[in-house]
Amino acid sequence: MAFGTTSRRGKEIPRGTGWFASFVLIALILVTGSSQAQEVRCGCEFNESGTESDLLTGEALNGEIWAFGTEGVAGKSLDGGLTWEFDNFGSLDWSSSDSGYGSIAIASSNGTVAILENIGEGGDDIGQDIPSIPNGVGINAIALTSASSIVTVGDNGEIWQYLQGSWVNRSIGVEEDLFSISFLDSENGLISGEGGIILATTDGGISWDYRDSPAETSESRIVGIDYFSTVRAYAITDEGHILKSSREGTVPVGFVWNIVEIEREYPPGGGDEFEPGGNTLDFEVTSVELLSQFKMILTGPNGYLALSKDGGNIVSQQMVPVSNVTVFNAVVMQDAFRGVVIGDSGLVIRTENAGEEEFVGFEVTDFNDFGQFVDYSKERLMDGLVATVKIVLFGIAMGFTIGVILSMLKTSPTSLKNVAQMNRFQILSMVVIPFWVVSQLIIGTIMRLKNPIDRPMSVLREKSAHIAASRPVNVFAIRLVGLALLVLGYLQITGTFEEVRSLNLDGWEHIYVPVGAPRAFASILLGIGLLILGVIFASCNGDFSIKEFDVGSTGKKLSLNPWGLRPLNALATVYTDFFRNTPLIVQFMFIHFGLELGRRVQEPGLDLFDFEYLKDNANFLTNIIVTYETDLSSPAYGHPIGGVLEDRAYISAIFALGLNSGAYQCETIRGAIAAIPSGQMEAGRSIGLNYMQTMKLVIMPQAVRICIPPLGNEMVNLVLNSSLAMVIGYAEITRQGKLIIATTFQIFWTWGMVMISYFVITWTLALILRYLEDKTRIPGLGISGGA
Amino acid sequence: MSDSILSVESMEKTYVGGVHAVRGVSFEVHEGESLAIIGSSGSGKSTVLRCINRLIEPTKGIVRLKGEQINTPAANINDVRSRIGMVFQSFELFAHLRVMDNVTLGLRHVRRMGKEEATEVARQVLERVDMLDRVDAYPGNLSGGQKQRVAIARALAMKPEVMLFDEPTSALDPELIGSVLETIRGLAEEGMTMVVVTHEIGFARDVADRVLYMDEGLVAEEGPSSIIDNPKTSRMKEFLSSINE
Ligand SMILES: Nc1ncnc2c1ncn2[C@@H]1O[C@H](COP(=O)(O)OP(=O)(O)OP(=O)(O)O)[C@@H](O)[C@H]1O
Ligand SMILES: [Mg+2]
C-alpha cells in the first residue's frame, strides 16, 4: 500500500505549488490593502536647515525668511529657504511671532518678547530690550501694530499691549484661553480662543469687542485666525472647522462668521476623495495661512499639510516627503507662491508654487543626489510594483482559465452532425448537466457522497441511447428546426434595419455600425449565424457525409462538409480572433472608458458585499474581494480600502489583461494539446474513459507540462503588457515612474529603476516557472516539458 | 462449439480521403479462442481492429460483442470499450503516470473502484505480466518490452471479454520480443479470448487457434493455424515466403 500513496504524489503538478501561489496572492492583497491608506515616509533626512531643534514659528519679511524655535534657536535664509544660518537668541522657546513695519516680534510662552529691527537691511540684532509682561503672564500669540508696539494674547483671557516702553493690560474679563491674534493693519485686529471666542478691535488693540462665532463652534477651540484683507478673514478650530468671515455690504469683516462646507477632501497624491460633505476636516489642524483671498494652507500634527484654493470647499492634502509623524508648526510665505513650512526637528520644506503642483507641491529633497532620489522614489516604485503584481496575478489566473476553456472548445470534436443527431433526452440532459456539475463539486468533492443527480442522468442517458438505437434520425424534426432557425435569423436581421438606417451612415462608414449600434450589430451577427445553421438544418436529408461537387470541367472537386462545422470551435475562434487582432492598449481604454467594465463590476459587487454585512463577517476571502476600513477613528471608516472591488481601474485592468491573455494562452495550450500523440487519446478511450475524462486525466496533464515554457513567455508578456494599464489611470509601476519624473525630473534614474522593477517581477516569474517545469518533469520523457 | 464472443459481419471502412481500406470482412471469435490476423502492410488489419472497438467507425457492417451489436448509437461506447482490451503497437502508456497509476486509471475512473481495490487488482495483473517490481517507475524509464507488458496489464486489469493486439511486438528490438510473446502465450493458455494482428508467423502458428490472412481489405484465407504451413492461395504463399527471408 505504501507505494500507492507515494506514487500519487509526484505525478500531477504538485499541489503545494498551487497553495504556494494562492498564499502569495492573498498575502499580497492583505499587505497592500493596508499600505494604500497612508503615505509613510522618512523625515529624518531633510534636516537641511542645519538645526535639530523644533522650529515653532517663522516670519518672512523684506526677502528674508526667519524661523524660531526651542532653546532660543533662530535662523534666517536669504535665498527663499534653500540655505540657512542658525544662531541662538537666548535659550527660551520662541513659540510665536509676527512681522511688519520692518521688524519681527518673537515671544516665548512665559511672557518674554523680543523685537528684531531693520530686517532686510542687515540690522537683525535684538533691538529694544523689552521687559517681560508683569505678573508672569504668558503669551500664546503676538502681533505687531507698529514697529515698536505689540499686542499679545495668553491663557485666561490675558490681552496685553506694549506701547512706548511699557506693558498695558487690555484684558476685557474674558476667562477663556486666547490662542491667536491677527492684525490687518495698525488698527484692525482679531483674536480667537477657546469656547468659540472671537474678539475684534478697530483701534489698534486698545479696546476689544465680542464677535459671534457660529453656533456649531461656540464650544470649540478656535486655534488660528488670519485677518487677510478688508473683505476676508479665516479661522480654524482644532476639530477641523474652517470659519470664514466676509465683508457683507457695509458690515466689515469679523462680524459675521460662517462655517465653510467642506465639499471634498483629497488624500495625498490626488487619489480618490475621502467622504464628501461635512463641515470639519478629517484631521487635526493647528494653523491656517492665507495666501490669497481664497487660497490657504493648513497645517497640523501628524504630517498634515493641506491646500485649499477655494476658501476651504475643496481641501487637498499635499503629499510631502516626510513621515506622517512630522509635526508642522507654521507656514511662512514670502508671497502667494514662495515660502516654507517649518516644523519639529528642524524641518524646513519649501515651495515655489504654493503647493499647486498636482502631486507634490513642496520640495526639499535634492533629487540630484541619488540617495535622496531613491529615498523619495522607492515608496512610489514599491506601490507601483505591488499594484502591478496584483493585476498580473489576477490577470494570469483569469487568462489561464479562459485559455484552458477556449482551447478545450477549440479542440472539441462536437460537430453540427452531433448537434443534429441529438434527441430530446440528450437536450434535456444538457440542461441537467450544469446542476450535476455543481452538485458533484459540492457533494462529490467536499462531502464525498454519491451525487443524487447521478440517477436522473443515467436514466436520461439510457433513454437517449435507446431512442438513438430504435429510431433513425428524425429528418423531419431537423428540417423543422432548420426552418425555425431561418425565420428567427431573418427576423433578427430585418429587425435591425431601422436602427442601422437611423445612424445615417453612407457607404464605407457602415463598418462602424458595431460601435454606433452595438445591439443591432450583435443581432445581425446572430441572425447570420442562425441563417447558416438554418440552411444546413433545413437541407438535412439524413445523410451527414461530405458532399462533393464537380467544378465545371476542370476535374477538380469542391467538397462541402457542412455537418463537420464545429460550433464550439467557431465560438472560441471568434473570441481569439477579436482579441488578437486589436491592440491591447485600445482594449484597455475600450474596456475601462467605453464599456466601463470597472464600474459595472464594482457597483453590484459593492452592493453584494456591502459594509453593513461585512463589518462583522469579514474573512480573508472577502478581504480579497473587498476590505473596508473598520477603524472608527479613521476618516475612511466604512469605505473600501483594499481588495479587488476597491478600485475601478484595477478591475478593468484585470479584465483587459485576463481577456487578452486568455486569447493568446488558448493558442498556446491548444498547440500543446495538439502535440500530444493521438495514440494517447486512443489509449484512454480504449480502456473506456470518455472524451472529457481522457482530456482531463491523460491529455491535459501532459499538455500543461508541455506548455509551461511557452505559457511562461505568455505570462512574461502579460507582465510587460501590464504597463499599458497606466492609460486607464491605474497606478502601476510605469505610471508611478511618470509621476516620479514629474517631481524629480530624473529621467534616466527613474526609467532605469522602473526597468529593474519589471525585471524583478519577470525574473521571479521565470524562476517559479523553471521550478514548476522541473518539478513536473516526467521522468524518462525527453521531449516533453522542455526538460 | 462454444459461444461466439466477437463477431464481425461484412465490415467495410472507407477513410475520409476515399481509401477503401476494408472491403467486407467477416469472422467470428469464440470463447477462449485466439485468432491471429496476418497480412501484408496496408492490407487493413489495423483498420479492422480499430473498427471493432470503434476507435474509428466502420462505414458498413455489424460488430457484435456477445451477440449484441456494438456499432450502433445505442451502445454505450465507453462501456463497450471497457469490455474490449486493446494493446497498441506503440504501447501508448500514459507518460505522466507511474506504472501502477497507468493500470489503475481505468479501474478507478471507469470501474469506479476505490483506490485500494484498484491497487489490489493492478498488483494481480502486474504480477501476471511479471512487472510487479517496477510499479513506481515512469513509462519513460522502462524498456520497450516492459512497456508493452505494462500496456497488456493495463488492458487486462479491466477484465475484458476479448483482447485485441495490434502488432504488439513490431516496435520492439528482437531480444525484447520474447518476453512479450511469452506473456501473450500465457494469456492464450489461460483461455483469454484474443485477436492478435502480428507479423510473427512462428508465434501465430504456435499460439493461435485460427489464422486469418488479409489481403487488400479482404479475408483471403482463413483456417486453423496449420494453414500457415500449407497456404492455398498464391498471395499468401508469396507473403509467407517474403516474411521468411
Ligand atoms: N486515418 C487514415 N486515413 C486514410 N487512410 C488510412 C488511414 N489509416 C489507414 N489508412 C489506409 O488504409 C489502408 C489500411 O491501413 P491499415 O493501417 O489498416 O493497414 P495494416 O494492415 O494495419 O498495415 P500495417 O501492417 O503496415 O500496420 C492503408 O492503405 C492506409 O494507407
Ligand atoms: Mg497496422
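**Exercise 1. Find which residues of the shell come nearest to ligand 1, and sort the shell by class.**

A residue counts as near if one of its heavy atoms lies within 4 Å of the molecule. Keep in mind that this is a predicted model, where local features need pLDDT of at least 70, side-chain atom pairs count only at pLDDT 80 or more, and totals for chains, interfaces and linings use all residues. Residues are numbered from 1 along each chain as its sequence is written, chains are lettered from A and ligands numbered from 1 in the order in which they are written, and side-chain values use heavy atoms, leaving out hydrogens and water.

Next, sort by class: three nonpolar, eight polar and two charged residues make up the shell. Here Ala, Val, Leu, Ile, Met, Phe, Trp, Tyr, Cys and Pro are nonpolar, Asp, Glu, Lys and Arg are charged, and the others, Gly among them, are polar.

Last, check the helices: H1 (residues 45–52) of chain B gives the largest share of the shell, three residues. Helices are DSSP runs (H or I, at least four residues) and strands are too (E, at least two), numbered from the N terminus.

**Exercise 2. Work out which N or O atoms lie by the oxygen atoms of ligand 1.**

Take the backbone first: an N or O atom of B:Gly44 is 3.0 Å from a ligand oxygen. Now the side chains: B:Thr47 puts an N or O atom 2.4 Å from an oxygen of ligand 1, and for B:Glu167 the distance is 3.0 Å. Then look at cover: alone, ligand 1 exposes 630 Å², and the protein buries 61% of that (Shrake-Rupley method, 1.4 Å probe).

**Exercise 3. Classify the ring pair of A:Trp66 and A:Phe68, then that of B:Tyr213 and B:Phe239.**

Rings of Phe, Tyr and Trp (its six-membered ring) pair if their centres lie within 6.5 Å; planes under 30 degrees apart are stacked, over 60 edge-to-face, the rest tilted. The whole structure has 14 such pairs over all chains. A:Trp66 and A:Phe68 are stacked, 6.0 Å centre to centre with 15° between the planes.

B:Tyr213 sits in strand E9 (residues 210–215) and B:Phe239 in helix H8 (residues 234–244), 26 residues apart.

Technical notes
A polar contact is a pair of N or O atoms within 3.5 Å; within protein, one must be able to donate a hydrogen and the other to accept it, and residues adjacent in sequence count only if both atoms are side-chain atoms.
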